[in-house]
Amino acid sequence: WLPVVCWLFAMSVRMGHTIQEVILMALFGVFVWTLIEYSLHRFLFHIETRSYWSNTAHYLIHGCHHKHPMDSLRLVFPPAGAAIICVPFWNVVAFFASPSTTPALFAGGLLGYVMYDCTHYYLHHGQPSKDPANHLKVTN
Ligand SMILES: [Zn+2]
Ligand SMILES: [Zn+2]
């Protein structure tokens, strides 16, 4: 995803934004991503489901990860799936932002996602010994 992020930053620069502005927009994108990830996990991924189909949907979306947390092939979201999800997210950003700020804001969100996935992967498969990483890893 990182080449895509760089390419989008360059797009905003070409449309007339300075590097400083692009960095600010990227930080904002990372911040918004963090809020989205938290809300998704808190309110959607761990929703209480009762019916057969909602249980199945929940398992496919997120339950499988908690069932098999150390399965390294089911740890990071597949790129093809992420690419599809990018489209509505891009449209939401484009709705609120101007054409020249949309690429940088979106790239910031994408960057936040990449950092989140790397942190997540590391917490599962790494052996953090120092805080804050050590504090984040809870094994039960
Ligand atoms: Zn979870
Ligand atoms: Zn996990």
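Trainee: By class, which residues make up the lining of the largest pocket: how many nonpolar, polar and charged?
Mentor: First, the terms. Ala, Val, Leu, Ile, Met, Phe, Trp, Tyr, Cys and Pro count as nonpolar, Asp, Glu, Lys and Arg as charged, and the others, Gly among them, as polar. By that sorting the lining has 28 nonpolar, 5 polar and 3 charged residues.

Trainee: What sort of model is this?
Mentor: Residues are numbered from 1 along each chain as its sequence is written, chains are lettered from A and ligands numbered from 1 in the order written, and side-chain values use heavy atoms, with hydrogens and water left out. Local features need pLDDT of at least 70, side-chain atom pairs count only at pLDDT 80 or more, totals for chains, interfaces and linings use all residues, and the model is predicted.

Trainee: How many helices and strands does the chain have?
Mentor: Both are DSSP runs numbered from the N terminus: helices (H or I) of at least four residues, strands (E) of at least two. From the N terminus on, the elements run α-α-α-α-α-α. The count is 6 helices and 0 strands.

Trainee: Which residues are the protein donors of the zinc ion (ligand 2)?
Mentor: A donor is an N, O or S atom within 2.8 Å of the metal (3.2 Å for Na, K and Ca); water is not among the atoms, so a site may look incomplete. Here the donor atoms are NE2 atoms, 2.0 to 2.1 Å from the zinc. They belong to H65, H120 and H124.

Trainee: In sequence, how are the donor residues of the zinc ion spaced?
Mentor: The spacing reads H-x54-H-x3-H. One pair links distant parts of the chain: H65 in helix α3 (residues 52-67) and H124 in helix α5 (residues 102-125), 59 residues apart. So the answer, again, is H-x54-H-x3-H.

Trainee: H65: buried or exposed?
Mentor: Buried means under 20% relative accessible area, exposed over 50%, and partly exposed in between (1.4 Å probe, protein chains only). The relative accessible area of H65 is 8%. Because that is under 20%, H65 counts as buried.

Trainee: With which side chain does the side chain of H65 make a polar contact?
Mentor: A polar contact is a pair of N or O atoms within 3.5 Å; within protein, one must be able to donate a hydrogen and the other to accept it, and residues adjacent in sequence count only if both atoms are side-chain atoms. The backbone oxygen of P69 lies 3.0 Å from a polar side-chain atom of H124. H124 is also buried, at 15% relative accessibility. The partner of H65, at 3.1 Å, is H124.

Trainee: Where does UniProt place the feature "transmembrane region"?
Mentor: The entry is unreviewed. UniProt positions follow the numbering used here, feature names are shortened, and annotations may be inferred rather than shown by experiment. The record gives residues 22-40, 75-98 and 104-123.

Trainee: Over residues 104-123, how far apart are the end C-alpha atoms?
Mentor: Residues 75-98 are 75% helix and 0% strand, with end C-alpha atoms 34 Å apart. Residues 104-123 are 100% helix and 0% strand. Their end C-alpha atoms are separated by 28 Å.

Trainee: How far apart in space are I36 and G109, C-alpha to C-alpha?
Mentor: I36 lies in helix α2 and is partly exposed, at 27%. In sequence, I36 and G109 are 73 residues apart. In space, the distance is 9.5 Å.
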